[in-house]
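User: I would like to learn how to read this structure feature by feature, beginning with the general idea each time and then turning to the case at hand. Could we start with the secondary structure?

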Amino acid sequence: MNERIKTIIGKHEDVISAMYNLFRKNKTHLRGGGKKNLLKIKGVFRDKTSINIRGRGNRVFVEKGLTRLINCRITILGDNNTIHIGKGCKLTDASLHIEDDGGVITIGDGTIISGKTHLACIEGQTISIGEGCLFSANITLRTGDSHSIIDKDGKRINPSKDITIGTHVWVGNTVIILKGTIIKDNCVVATGSVLTGKEFPSNSIIGGVGGKVLKEKISWCEERIPMSSLYE
């Protein structure tokens with residue numbers, strides 16, 4: 001999209017998005033004290049996207065600024081939870097799911113989710129994704145195990161934990177990121193990785209089951225630079 005078209009849309013974004021959304025199969029359901037929930041989605045382009053909330057005091061903020069939600073599902077089951085999606089994001093086939101109370105999912109400006117991705121936040125934890133990230137498809141982020149693991153005395157031993165992803169992080173296809181994982185800025189997560197509760201340094205390639213640093217002092221860009229140009 002060229003800059004002139006972006007400028008025109010930006011000036012009339014609320015009207016253009018409202019007309020666009022009118023002809024799309026979008027659904028919004030508020031149950032259990034719906035009037036106590038706050039939705040800020042005006043000016044956002046939505047296509048076959050559903051928002052389902054059951055609870056009170058929940059907040060869904062999607063910033064306008066050429067933000068697009070395509071075939072997405074936002075589900076909140078609980079009270080006082082927050083979902084915030086920054087401006088200029090493009091989410092395709094994304095599922096944002098919060099259970100219990102006090103959970104937070106944030107996605108920074110300009111982040112792209114390219115295909116089927118599931119963000120599951122439970123027990124008042126946080127999933128934080130920074131600005132300018134790029135997600136491939138078939139990706140799962142989970143702050144908890146959903147069920148209890150108990151020791152011989154009947155004490156639960158598997159608490160839920162936050163997931164934090166920095167700015168400008170590229171997550172490859174078929175990646176699982178589990179509770180307690182911290183990925184710092186400018187990283188690449190290799191295809192098929194399973195990351196489990198470790199902290200990874202910035203500017204690194206991360207891969208494998210359990211996760212380890214494969215290469216350091218790197219960065220990445222969305223443009224595919226011809227290899228021949230590297231040797232000229």
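Analyst: Helices (H or I, at least four residues) and strands (E, at least two) are DSSP runs, numbered from the N terminus. In this predicted model, the protein chain has two helices and 26 strands. Residues are numbered from 1 along each chain as its sequence is written, and side-chain values use heavy atoms, with hydrogens and water left out. Because this is a predicted model, local features need pLDDT of at least 70 and side-chain atom pairs count only at pLDDT 80 or more, while totals for chains, interfaces and linings use all residues.

User: What is the mean pLDDT of the protein chain, and over which residues is the pLDDT below 50?

Analyst: pLDDT is the predictor's confidence in each residue, from 0 to 100. The mean for the protein chain is 89, and 83% of its residues reach 70 or more. Over residues 5–9 the value falls below 50, and this stretch has seven contacts (heavy atoms within 4.5 Å) in the model beyond near neighbours in sequence. Where pLDDT is low, the predicted coordinates should not be read in detail.

User: In what order do the eight strands of the open sheet come, and which strands stand at the edges?

Analyst: Two strands pair if DSSP finds at least two bridges between them. Here the order is β2-β5-β8-β11-β14-β17-β20-β23, with parallel pairing. The edges are held by β2 (38–40) and β23, each of which has a single partner strand, so one side of each is left without a neighbour in the sheet.

User: Which residues touch the most other members of the largest nonpolar core?

Analyst: A nonpolar core is a set of buried Ala, Val, Leu, Ile, Met, Phe, Trp, Tyr and Cys residues joined through side-chain atoms within 4.5 Å, where buried means under 20% relative accessible area, exposed over 50%, and partly exposed in between (1.4 Å probe, protein chains only). Buried residues make up 40% of the 232 residues in the protein chain. The largest core has 40 residues, and those touching the most other members are Ile85, Leu91, Leu96, Ile107, Leu141, Ile165 and Ile183. Its largest share, three residues, comes from strand β10 (residues 94–99). Leaving aside residues up to four places away in sequence, Ile165 touches several residues, including Phe135, Leu141, Ile177 and Ile183.

User: Is Trp220 buried or exposed?

Analyst: Trp220 counts as buried because its relative accessibility is 11%, whereas Trp170, at 35%, counts as partly exposed.
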